[in-house]
Amino acid sequence: MSGSISAASSYPARLGHAWQSANPGDSAGFGHWRLASRLELGPLLSAVPCARLHAKHIFREWNLAHVAEDAELIVSELMSNALKAARSLPDIQPVTLYLQASDEYLMIQVQDALSAAPAPRPHAIDAETGRGLEIVALLSDRWGFYHPAGGGKVVWAVLVTGTAPSAPRGART
């Protein structure tokens, strides 16, 4: 497991924003990503709670507590789906959580090695599974996915925060 917090300027250009089935880019008007965090995890059952706890601490540090509950649930749903995808592969591939914040938006992205597009599944009203993408769609302002150049897919969700996040001590903005 590895994680880092840094200024967004040190992040790969492929992380960003847009609509479904598109690689997020600067044209969608989210502004400059001031803060960024990356957490890579193995495809273990503990990956989901680890990612959620990491996100919870990041949101607190970035002064985004007012969107943290919804954002943590989105992290859980995206990580759960990515974990299922990663575990279906014949070889062990990591799942990566990316968090980015601009002056008014929070971007949550989860990358896995399976290229199959995320698809909502029909489910019974009392089913315990199958609601993940519905929850993401309901809680986020926008969501989508894209296929990065290195393979696999990245599923993303954006929340409007309405406030500039606080930079952690020692971070450059």
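Student: Which residue stands opposite Asp112 in E6?

Tutor: Lys153 in E6 stands opposite Asp112. Please note that this is a predicted model, in which local features need pLDDT of at least 70 and side-chain atom pairs count only at pLDDT 80 or more, while totals for chains, interfaces and linings use all residues. Residues are numbered from 1 along each chain as its sequence is written, and side-chain values use heavy atoms, with hydrogens and water left out.

Student: How many helices and strands does the protein chain have?

Tutor: The protein chain has three helices and six strands. Helices (H or I, at least four residues) and strands (E, at least two) are DSSP runs, numbered from the N terminus. From that end, the elements run β-β-α-α-β-β-α-β-β.

Student: Why is Gln109 called buried?

Tutor: Buried means under 20% relative accessible area, exposed means over 50%, and partly exposed lies in between (1.4 Å probe, protein chains only). Gln109 has 0% relative accessibility, and therefore counts as buried. Gln111 is at 13%, so this residue is buried too.

Student: What makes E4 largely enclosed by the rest of the structure?

Tutor: Eight of the eight residues of E4 are buried, and therefore the strand is largely enclosed. Tyr105, Met107, Gln109 and Gln111 point one way from E4, whereas Leu106, Ile108, Val110 and Asp112 point the other way.

Student: With which side chain does the side chain of Gln109 make a polar contact?

Tutor: The partner is the side chain of Tyr146, at 3.2 Å. A polar contact is a pair of N or O atoms within 3.5 Å; within protein, one must be able to donate a hydrogen and the other to accept it, and residues adjacent in sequence count only if both atoms are side-chain atoms. The side chain of Gln111 likewise makes a polar contact with the side chain of Tyr98, at 3.3 Å.

Student: Which residues have the most contacts inside the largest nonpolar core?

Tutor: They are Phe59, Val75, Met79, Leu97, Leu99, Leu106 and Ile108, in a core of 35 residues. The largest share of this core, 10 residues, comes from H2. A nonpolar core is a set of buried Ala, Val, Leu, Ile, Met, Phe, Trp, Tyr and Cys residues joined through side-chain atoms within 4.5 Å. Contact means heavy atoms within 4.5 Å. Leaving aside its neighbours within four places in sequence, Phe59 is in contact with several residues, including Val75, Leu99 and Leu106.

Terms used. Two strands pair if DSSP finds at least two bridges between them.
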